[in-house]
Structures are given as C-alpha cells and as structure tokens.
Amino acid sequence: MFEIQTGEGGYLKLSGRLDAAESERALTQLNTLSQPITVDCSDLEYISSAGLGILLQTYKRLLGLGHTFKLVNMQPRVRNVFTYAGLDKFLLIE
Amino acid sequence: MGERQRFPRNFNSLKVISEFVAAFLAARGIDPAHAFEADLVIEELFTNMVKYAGGGAHDIEIGLEGDRDVLTITLRDFDVDAFDVTRVRPVDTCTPAGERQPGGLGIHLVRQIADSLEYEYKDRNSTITVTKKLRS
C-alpha cells in the first residue's frame with residue numbers, strides 16, 4: 001500500500017511501499033505538481049529503483065521549471081537506497 | 001531445506017512475494033529488519049525478468065534458504081532467452097541526478113547489497129543466485 005498526501009504550500013507526505021507495482025500511479029500524481037516541493041518521507045517504509053526513478057524524474061521535471069524538490073525525514077534504511085544509487089550526493093535530502 | 005514458491009510474472013506479485021519473505025524470516029528466527037534488503041534484491045531481479053526475459057510466459061520461482069548468518073535467494077525463470085544480469089553495465093553513480101538516464105539502477109542496487117551474484121543458463125532456464133551475509 002502506497003499513498004501520497006498533499007498539503008499546503010507544496011508539501012507532500014509519502015507513506016507505505018513505493019515499489020514497481022505502485023510507481024506508475026505515483027508518477028501520475030507527481031506529474032500534476034508544478035511548484036517547489038517538500039516531500040516528507042517519514043512514513044515511507046520501502047523504496048526500490050522504480051520508486052527512485054519516479055522521484056528522479058519528478059526532480060528533473062521540476063528543476064527544468066526552476067523549482068526545488070526536497071526530501072525530508074527519511075528513514076535510515078530508505079536513505080541507504082539513495083546512497084547505494086549515488087543520489088544522496090545530488091538530490092536535496094534533509 | 002529452503003522454501004520455494006512460484007509467482008505470476010507481473011508487478012502485482014510483489015506484495016505476495018514480500019509476505020513470502022516475511023514468513024520465511026519469521027519461521028527461521030531471522031531478524032525481520034533483513035526483509036527490507038531481501039525484498040529489494042528480489043524486486044529488482046524479479047521485475048528485471050518480467051521486463052526483459054525474452055519469451056517468458058511462465059511463473060517465476062523464488063527460493064529462500066538460510067539461517068541467522070546468511071541468506072541465499074534464488075530466482076528461476078523457465079523457458080526464456082538468456083539474460084545475464086552479471087554482465088549488465090555498471091551505473092556511473094557520479095553522474096549528477098539531472099543527467100541520469102533510466103535503466104541499470106536495479107542491478108546496481110543488487111550489487112551494492114549482495115555478497116555474491118551468480119547467473120546460470122541451462123536448458124532455456126535462467127537461474128540467478130544471490131547470497132547476503134546477515135549482520136544484526
């Protein structure tokens with residue numbers, strides 16, 4: 001089960017498992033965004049390369065529009081996946 | 001003796017596969033914290049078979065063996081063309097995020113997590129075997 005909750009001022013909260021089965025639906029929702037975004041990952045329990053791929057795609061799209069895409073409150077094991085992928089050096093993760 | 005189960009070759013199998021892994025770890029008294037990386041390795045290899053194994057039409061078999069020291073994961077794809085995951089080109093993780101091209105990242109993650117990754121192709125069956133030392 002994976003969910004994206006949207007709040008005020010470009011705030012998003014991801015929860016559950018962002019795997020290959022959920023990534024297409026998640027991307028459809030992320031593609032509606034066109035403002036600076038802060039993503040709260042505190043309840044994101046799992047991510048695979050499919051999940052990384054859609055977050056990376058969203059980052060690139062927003063960057064092209066001149067907006068920021070920030071990931072916050074990531075659980076250590078989820079952050080490890082970003083580190084393995086070498087994305088922790090380039091994405092804005094706090 | 002390990003556990004083996006076959007799963008339909010589509011992404012919707014991932015939830016049931018994750019439950020299969022959790023049940024195996026619980027039955028062996030292995031720390032459930034290891035489920036995260038086991039799930040990740042299996043998802044990357046399973047989805048790779050679903051997407052790229054030429055001619056694949058059969059369910060994919062996943063095998064789990066191990067104890068508190070080491071976990072061995074096997075994925076077997078039947079009657080398919082060869083696709084040697086150990087030969088997938090490494091991802092350059094120094095490329096900035098904005099310049100990254102899709103593809104190859106899943107196998108890269110498997111290589112980062114696994115202690116060994118082996119591929120065997122025999123009688124049109126592909127078998128991938130991964131071992132992971134478990135450190136609590």
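## Helix 1 of chain A

Helix 1 of chain A spans residues 23-30, and its residues A:Ser23, A:Ala26, A:Leu27 and A:Leu30 are buried. Viewed down the axis of helix 1 of chain A, the buried residues fall within an arc of 100°, so they line one face of the helix. The model described here is predicted.

On the face of helix 1 turned away from the buried side are the exposed residues A:Glu24 and A:Thr28.

## A:Val72 in strand 4 of chain A

A:Val72 belongs to strand 4 of chain A, which covers residues 69-72. Its relative accessibility is 12%. A:Val72 counts as buried because buried means under 20% relative accessible area.

Beyond its neighbours within four places in sequence, A:Val72 is in contact with A:Thr38, A:Val39, A:Asp40, A:Cys41, A:Ser42 and A:Glu94. A:Val72 and A:Lys13 lie 59 residues apart in sequence, and their C-alpha atoms are 9.6 Å apart in space.

## B:Ser126 in strand 5 of chain B

In chain B, strand 5 (residues 125-133) contains B:Ser126. B:Ser126 has a relative accessible area of 6%, and is therefore buried.

The side chain of B:Ser126 makes a polar contact, at 2.6 Å, with the side chain of B:Tyr119. Leaving aside neighbours within four places in sequence, the residues in contact with B:Ser126 include B:Met49, B:Leu75, B:Val80, B:Phe83, B:Tyr119 and B:Tyr121. Also among them are B:Arg76, B:Asp77, B:Asp81, B:Ala82 and B:Glu120.

Definitions and conventions:
Residues numbered from 1 in each chain as written. Chains lettered and ligands numbered in written order. Predicted model: local features only at pLDDT ≥ 70, side-chain atom pairs only at ≥ 80, totals over all residues. Heavy atoms only, no water. Helix = DSSP H or I, 4+ residues; strand = E, 2+ residues; numbered from the N terminus. Buried < 20%, exposed > 50% of the residue type's maximum accessible area, 1.4 Å probe, protein only. Polar contact = N/O pair within 3.5 Å; in protein donor to acceptor, adjacent residues only side chain to side chain. Contact = heavy atoms within 4.5 Å. Arc of directions from axis to C-beta.
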